[in-house]
Protein chains: 2
Amino acid sequence: MSEKTISSRRVFEGHLLKLDVLEVELDNGRRTRREIVCHPGAVAIWARAPDGRFVFVRQLRKAIEQELLEVVAGTREAGETPEACARREIREETGYAVKALVPLGFIFTAPGFCTERIFLFYAELTGGGAVDPDPDEQLDVVLLDEAEWKAIMSRGAVQDAKTWAAWGMFQNIEGCRP
Amino acid sequence: MSEKTISSRRVFEGHLLKLDVLEVELDNGRRTRREIVCHPGAVAIWARAPDGRFVFVRQLRKAIEQELLEVVAGTREAGETPEACARREIREETGYAVKALVPLGFIFTAPGFCTERIFLFYAELTGGGAVDPDPDEQLDVVLLDEAEWKAIMSRGAVQDAKTWAAWGMFQNIEGCRP
């Protein structure tokens, strides 16, 4: 399968996002239009506090006008590796430091129309001190033990896609452990 | 937590997406900018073929310039319920019909900057005939038994966020079954 780009036009260039409108040609010769959001990419971390509990954030998300329970996550800055971004987000959003960081893989959040790729990690945390949040974000740290997390999951209260992916990938590595 | 909208400006209105730039005021009085992609919403279905295998599609995704293994999914049409959309997408993309449809919940794919909400379902399928794909999409149906699916998952080859969420939610209802 292929989709040849016939033309591409940038219709928006913002601080975070860019938006391109493409004309493409499919293998059957048909031409169609694609509206594509360009995003710099992000990381998300399935994290474990020193006491063994999982670390989440509850964050107000303006796009959906509600608070959401999510894994720790954030957008990559220019030139920043996924690993460095993960360590920075843990420090800023939770106040912990990363003791061990295990790459889990990556996901595309909305591949039908958006370039965003999120690198996922499992992290074991240490320390714990003052948080240093992005001044443009409002969030609270939430610590849950495995039973509490599973109860929230089973009552349908996990509504963030990357959090589901991080949990799935974490379970894969858990299964490999002695 | 709240974020009061101070101003909102529509900077793009496309066939699928709209893009708004907002100025918002946080609880601490600070003002900041939000770039928000408006999407009509979608459905995704964890589906089981008559022979018991799980049903996926392998689809070319222009935004990421690669093929992706995904659950059956699609964008909701104007006025279409999630249930009707799920039945239509199963028919169009796989050629099967829906025998039983169980709502699993919903997810937000990119709540930091996008309104998209995906309603997830579990479906048991029947029949099987000619597919009737959207002429603007290129995809192949992929049937996998549970062992094949788990092998793909454990080698990190599941890169689609909604597919992870559908699997997680399906496991929840599986655990409730006799």
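These legends walk you through several close-up views of a predicted model.

**View 1. Two copies, one turn.** Let's begin with how chain A and chain B are arranged. Chain B can be laid on chain A by a turn of 180° with a shift of 0.0 Å along the axis, and the RMSD is then 0.0 Å. The two copies are therefore related as by a two-fold rotation axis. Both copies use the same surface: 100% of the contact residues of chain B recur in chain A.

**View 2. Where chain B touches chain A.** Here 55 residues of chain B are in contact with 55 residues of chain A. Several elements of chain B each supply at least two residues to this side, including β1, β2, β3 and α2 (146-154). Which element gives the most? That is α3(B), with seven residues. By type, the residues on this side of chain B divide into 29 nonpolar, 13 polar and 13 charged.

**View 3. The domains of chain A.** The domain assignment gives domain 1 (4-38) and domain 2 (42-107 + 116-176) in chain A. Taken over C-alpha atoms, the centres of these two domains are separated by 32 Å.

**View 4. A three-stranded open sheet in chain B.** Follow the strands in the order β1-β2-β3, with antiparallel pairing. β1 (3-13) and β3 (31-38) of chain B stand at the edges with a single partner strand each, so one side of each is left without a neighbour in the sheet. From one strand to the next, the twist averages 20°. Look next at β2 (residues 18-26) of chain B, which is joined to β3(B) by eight bridges. Within this part of the sheet, L19(B) stands opposite V37(B) of β3(B).

**View 5. Strand β5 of chain B and its partners.** Is β5(B) mostly covered or mostly uncovered? It is mostly covered, with six of its eight residues buried. β5(B) pairs in the antiparallel sense with β9 (residues 139-144) of chain B over six bridges, and V55(B) has L143(B) as its bridge partner in β9(B). Two bridges link β5(B) to β4 (residues 42-48) of chain B, also in the antiparallel sense; there, V55(B) stands opposite A47(B). β6(B) is another antiparallel neighbour, joined to β5(B) by six bridges, and Q66(B) in β6(B) is the bridge partner of R61(B).

**View 6. Two hairpin turns beside β5(B).** Between β4(B) and β5(B) the hairpin has five residues, and G52(B) takes a positive phi near 95°. The hairpin of β5(B) and β6(B) has four residues between the strands, and in this one E65(B) takes a positive phi near 55°.

Technical notes: Residues are numbered from 1 along each chain as its sequence is written. Chains are lettered from A and ligands numbered from 1 in the order in which they are written. This is a predicted model: local features need pLDDT of at least 70, side-chain atom pairs count only at pLDDT 80 or more; totals for chains, interfaces and linings use all residues. Copies are superposed by least squares on the C-alpha atoms of residues with pLDDT of at least 70 in both. Two residues are in contact if their C-beta atoms, placed from the backbone, lie within 7 Å. Domain bounds come from an automatic or database domain assignment. Two strands pair if DSSP finds at least two bridges between them. Axes are lines fitted to C-alpha atoms, for helices over the stretch in contact, and angles run from 0 to 180 degrees between N-to-C directions. Ala, Val, Leu, Ile, Met, Phe, Trp, Tyr, Cys and Pro count as nonpolar, Asp, Glu, Lys and Arg as charged, and the others, Gly among them, as polar. A residue is buried if 20 or more other C-beta atoms lie within 10 Å of its own, exposed if 12 or fewer, and partly exposed in between; C-beta atoms are placed from the backbone.
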